[in-house]
Amino acid sequence: MYPGCRLVSVTSVPSLAAKPVIDIAARVPAGSHAADRQRSLSASGWTVPEIIGSHDCSFRLEGNARTAIVRFFPEAMWPTAHQRLFAAWLRAHPADREA
């Protein structure tokens, strides 16, 4: 889909209980938009990208339940994308998983 995709959900954090929803962060290159990939996303079972907060998101659904989410962050937002940073922090600081 995009180079630089990362699994960012708490399911990526060892020994942490989490909802079974896969959460992916995708860095969108400058000058590109998630909607540019709408055809390939839809063909792969993802919803049409929609704006949620500061970025676009697309979902995989099983009935009405989300089974996966991909968050499309513009390249300029990538270094501060909190969803990506939070999971990375928990993976790097095991003691904080219990807090």
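**Entry 1: starting in a loop.** I began with Ser15, which lies in the loop between E1 and E2. For these labels I took helices (H or I, at least four residues) and strands (E, at least two) as DSSP runs, numbered from the N terminus. I noted that this is a predicted model, in which local features need pLDDT of at least 70, side-chain atom pairs count only at pLDDT 80 or more, and totals for chains, interfaces and linings use all residues. Residues are numbered from 1 along each chain as its sequence is written, and side-chain values use heavy atoms, with hydrogens and water left out.

Is Ser15 buried or exposed? Ser15 is exposed, at a relative accessible area of 66%. My cut-offs: buried means under 20% relative accessible area, exposed over 50%, and partly exposed in between (1.4 Å probe, protein chains only). Ser15 sits 83 residues from Glu98 in sequence, and their C-alpha atoms are 9.8 Å apart.

Leu16 also has its place in the loop between E1 and E2. Leu16 counts as partly exposed, at 24% relative accessibility. From Leu16 to Leu90 I found 74 residues in sequence and 9.2 Å in space, C-alpha to C-alpha.

**Entry 2: the whole chain.** I stepped back and found 2 helices and 5 strands in the protein chain. Read from the N terminus, the elements go β-β-α-β-β-β-α. Of the 99 residues in the protein chain, 33% are buried. The chain exposes about 6100 Å², with 57% of that supplied by carbon and sulfur atoms. Such areas come from the Shrake-Rupley method with a 1.4 Å probe, and for residues only the protein chains shown count as cover.

I then looked up contacts (heavy atoms within 4.5 Å). Among the contacts in the protein chain with a separation of 6 or more, 45% are between residues 24 or more positions apart.

How confident is the predictor? pLDDT gives its confidence in each residue, from 0 to 100. The mean pLDDT of the protein chain is 83, and 88% of its residues reach 70 or more. Among the elements, strand E1 (residues 6–7) has the lowest mean pLDDT, 62, while E4 has the highest, 92.

Entry 3: Next I followed the strand pairing; two strands pair if DSSP finds at least two bridges between them. Strand E3 (residues 50–52) and strand E4 (residues 55–62) run antiparallel and are joined by 3 bridges. Which residue of E4 is the bridge partner of Ile52? I found His55 there. E3 and E4 form a hairpin with 2 residues between them, and Gly53 in the turn has a positive phi of about 70°.

E4 pairs again, in the antiparallel sense, with strand E5 (residues 65–74) over 7 bridges. Here Phe59 stands opposite Ile69 in E5. This too is a hairpin with 2 residues between the strands, and Gly63 in the turn has a positive phi of about 70°.

**Entry 4: a stop at Ser58.** Ser58 lies in strand E4, and its bridge partner in E5 is Val70. Ser58 counts as buried, at 0% relative accessibility. Leaving out residues up to four places away in sequence, I listed what Ser58 touches, including Leu41, Trp46, Pro49 and Phe72. A polar atom of the Ser58 side chain lies 2.4 Å from the backbone oxygen of Thr47.

Entry 5: E2 is mostly covered, with 5 of its 7 residues buried. E2 and E5 pair in the parallel sense over 7 bridges. Across that pairing, Ile24 stands opposite Val70, and Asp23 stands opposite Ile69.

How many salt bridges are there? I counted 1, taking a salt bridge as a side-chain nitrogen of Lys or Arg within 4 Å of a carboxyl oxygen of Asp or Glu. Asp23 forms a salt bridge with Arg71, with 2.9 Å between the closest N and O atoms. The pair links distant parts of the chain, since Asp23 is in strand E2 (residues 22–28) and Arg71 in strand E5, 48 residues apart. I checked the cover on both partners: Asp23 is buried at a relative accessible area of 11%, and Arg71 is buried at 16%.

Note on methods: pLDDT = per-residue confidence, 0-100. Polar contact = N/O pair within 3.5 Å; in protein donor to acceptor, adjacent residues only side chain to side chain.
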